[in-house]
2 protein chains.
Amino acid sequence: MTALRSLVSYHDVTWIASAITEEDRGLAGETIEETSRDGSPFRLHLIAHDKQAYDWFYNVVANPMLWFVQHSLWELPYTPKLDAAFHRAWEEGYVAVNEGFAAAVVRELERAPDAAVFFHDYHVYLAPRIVREHRPNAKSMHFVHIPWPQPDYWRIFPREMRWAIHDGLMANDVIGFHTDRWRRNFIYSVREFLGEDATPKTVTAPISVDAAEFDELAQSAAVLEAEREIVARQPEKLIVRVDRTDPSKNIVRGFRAFELYLDEHPEMHRRVGMLALLDPSRQDIPEYAEYLGAIQREARRVNDRFQQSGWRPIDLQIADDFPMSVAAYKQFDVLLVNAIFDGMNLVAKEAPLVNEQDGVVVLSENAGAHAELGEWALSINPFDVEGQARAIHQALEMGAGERRERLEAIRRYVREHDLGRWVELQLDALDRVATPASR
Amino acid sequence: MTALRSLVSYHDVTWIASAITEEDRGLAGETIEETSRDGSPFRLHLIAHDKQAYDWFYNVVANPMLWFVQHSLWELPYTPKLDAAFHRAWEEGYVAVNEGFAAAVVRELERAPDAAVFFHDYHVYLAPRIVREHRPNAKSMHFVHIPWPQPDYWRIFPREMRWAIHDGLMANDVIGFHTDRWRRNFIYSVREFLGEDATPKTVTAPISVDAAEFDELAQSAAVLEAEREIVARQPEKLIVRVDRTDPSKNIVRGFRAFELYLDEHPEMHRRVGMLALLDPSRQDIPEYAEYLGAIQREARRVNDRFQQSGWRPIDLQIADDFPMSVAAYKQFDVLLVNAIFDGMNLVAKEAPLVNEQDGVVVLSENAGAHAELGEWALSINPFDVEGQARAIHQALEMGAGERRERLEAIRRYVREHDLGRWVELQLDALDRVATPASR
């Protein structure tokens, strides 16, 4: 959301979104004048989708089906089982809600025919084709914020659905991804499902953070208070992870890796702790509820094995507490980002910006951020818990000079490749391809 | 095994294999003179691997790790967890057993320096590189009988292991696959892991069956007796599946699809049955034991819902009974092959050859056989149980003329593309590339 808000400050913007709360629904259909945090005005249109359709759209198709396919999370011998209920959720949920979004976009294009349309993410893959049918000359760009899997994994979707997803995206002038890896996978799968002649116009634009915002946040009263709390309780060395409780984040294996580390390094008992700040996520979806259970069970198992009076190895906090996260960013000695797959992972960019301990970033090779920051992080394979245990050890043993050099390199990179650059890369790409002559 | 035996009848062959039983181990190290079923002589060398090493090789690395990676079966949020035990199983099991195979091959090449070496399947990915180091001019071919996944799924293996697998295979003169799809995935992943300049020599050679053998089998006493048993018990319409109890075979979803069909077609209750002949497989491996439990539970659930006196919808037989399978091949009205991923699936070729009911083949688009037989089968998506239920309905409703045409086309194709052709395609490819000048 922070990232999207930044687009607002650049242009005259109308934001079209789903009405979620009852209050939202009351405002649906009106034009709401809003002001973004930096003072830029924008218009907000809220769409009141049918509630049943929205539940199918959001809780059956978008999450978990699309999310699980795009992060390779299914247990294919057993899940997903695409039954008649799923087919209905697709038709009467995902297709219907996309039609609703497309209709709102078409109405807005009546008011502002030259406006560029920016579609975001996996909820609206079908809308661009519908808009294109009504407004053949519309300029549109779609940004995909999550990984794009390789074609065989897309084949979990029945033929007509995977076709519609790819065809819908191809109706845009440009499709954007965080890394060349996801972009290249998209080109493969478009060719596989739409034919070898399909030539998508794509751009790699890695999302980033607003460094000034984090500089300011780091000194805010709320963060300073949270930081005092962390410092008062923390052992000599602090390993931090900050995530949503999402199965893609690999939290269970992270605890197991820490256990292996403690097994191999009894000399570090009482001296090291892992602080896991986890924002509970999508608890309406059974796979997410089960994953939260697995997280709690694994943390307890590791703590039961090792904890002593005055030392609990894993400090598990299930809460949405952003000031506490930023405080932990400042205090980490090791930041663990071991995602199974992750479109980008902004924690890996945010935390080094404000860290004050010359902390080391341990980073999954399957996180989008690895393409930019990998050379200064300790790379890990997310499935290799032994490798993660070794990386924790290596990070904790690293000399101060090397730690500082790596951290400062990351900081420099992120400051030079900030959120403004992400927006510019997209606008440049759209300008290049979306001239009337090229269509 | 039948398929490999056919190679023997073409050439002067030494077969190098693992000693499994105690009797085998007693013969290890000796040259055993054997005779194949068609009377061709061959030499057999048995290798007595260290038992602990073999257990790690077979029950930790080859199955399930390599098998599960190559069939995309892991539940990535939870499995695999590659801990120190796995790293040891790789080093002291898979690597060690491959070294044992390579040493035996090198010894045989001392006796017969011009012999061509044929490596088979995922158990021996590392051996070709070791042989090549000792015998730089050896001629070798590797045939991969199972699917080759796309590079991102190979990334489940830690970097050094995925590199070793690809590098080991690349030490061969030719690498063979059942379909262009697996072959193309191999080319992708070789380029991704070994560099864009890597140019593997590959061949697509779809394995097939010995039609004469099945013609004979179909009239054997054992099959005729099994067939009488099936005919005595079977309902008006018979759906057959024949598989190992392997998670890749998608047996649970097949039962669920049949349940959906029965839900939607009460008029077919008592008139249709599913005969599932399942060979218990790899029960030393927990994932396989659990899958057998899931199969039994799902069959019972469906039967509990629908069965009536004199009619049990699913006849589940867990046994290794090949005559019964061939009898079922003769009697099916619908053959269900809904594999999640399958290198080839020979049931889809064997069963039509001997079928006497103008039966319809319902075939997964992820089975290798689909590349050859897809146009005459009813294609299904293995994850789409609703689609499978519809395909069962379509197959049972199909007119006799169309059924016969489709079945005869499959039969004609399989007779024209038999096991001999599979061998010839491989030998031709090896001849083409493995001339001294090309090395």
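Where in chain B does Leu260(B) lie? Leu260(B) belongs to helix 11, residues 251-264 of that chain.

## About the model

This is a predicted model, in which local features need pLDDT of at least 70, side-chain atom pairs count only at pLDDT 80 or more, and totals for chains, interfaces and linings use all residues. Residues are numbered from 1 along each chain as its sequence is written, chains are lettered from A and ligands numbered from 1 in the order in which they are written, and side-chain values use heavy atoms, with hydrogens and water left out.

## Starting at Leu260(B)

Helices (H or I, at least four residues) and strands (E, at least two) are DSSP runs, numbered from the N terminus. With a relative accessibility of 7%, Leu260(B) counts as buried. Here buried means under 20% relative accessible area, exposed means over 50%, and partly exposed is in between (1.4 Å probe, protein chains only).

## Salt bridges within and between chains

A salt bridge is a side-chain nitrogen of Lys or Arg within 4 Å of a carboxyl oxygen of Asp or Glu. By this rule there are 64 salt bridges over all chains. One of them pairs Asp83(A) with Arg256(B) at 3.4 Å, N to O. This pair crosses between chains, from the loop between helix 3 (51-70) and helix 4 (84-111) of chain A to helix 11 of chain B. Asp83(A) is buried at 18% relative accessible area, and Arg256(B) counts as buried at 19%.

Asp83(B) and Arg256(A) also meet in a salt bridge, at 3.4 Å, N to O. Asp83(B) sits in the loop between helix 3 and helix 4 (84-111) of chain B and Arg256(A) in helix 11 (residues 251-264) of chain A, so this pair joins two chains. Both Asp83(B) and Arg256(A) are buried. Salt bridges with shared partners join Asp83(A), Arg256(B), Glu259(B), Asp263(B), Glu298(B), Arg301(B) and Arg305(B) into one network.

## Aromatic pairs

Rings of Phe, Tyr and Trp (its six-membered ring) pair if their centres lie within 6.5 Å; planes under 30 degrees apart count as stacked, over 60 as edge-to-face and the rest as tilted. Over all chains, the structure holds 45 aromatic pairs. In one of them, the ring centres of Trp15(B) and Phe42(B) are 5.9 Å apart and the planes stand at 40°, so the pair is tilted. It links distant parts of the chain, as Trp15(B) is in strand 1 (residues 13-18) and Phe42(B) in strand 3 (residues 41-47) of chain B, 27 residues apart. Trp15(B) is partly exposed at 21% relative accessibility, while Phe42(B) is buried with a relative accessible area of 10%.

Tyr54(B) and Phe57(B) form a tilted pair too, because their ring centres are 5.3 Å apart and their planes at 50°. These two are about one helical turn apart, being separated by 3 residues in helix 3 (residues 51-70) of chain B. Phe57(B) is buried, at 2% relative accessible area. In chain A, ring pairs link a cluster whose members include Tyr54(A), Phe57(A), Tyr58(A) and Trp90(A).
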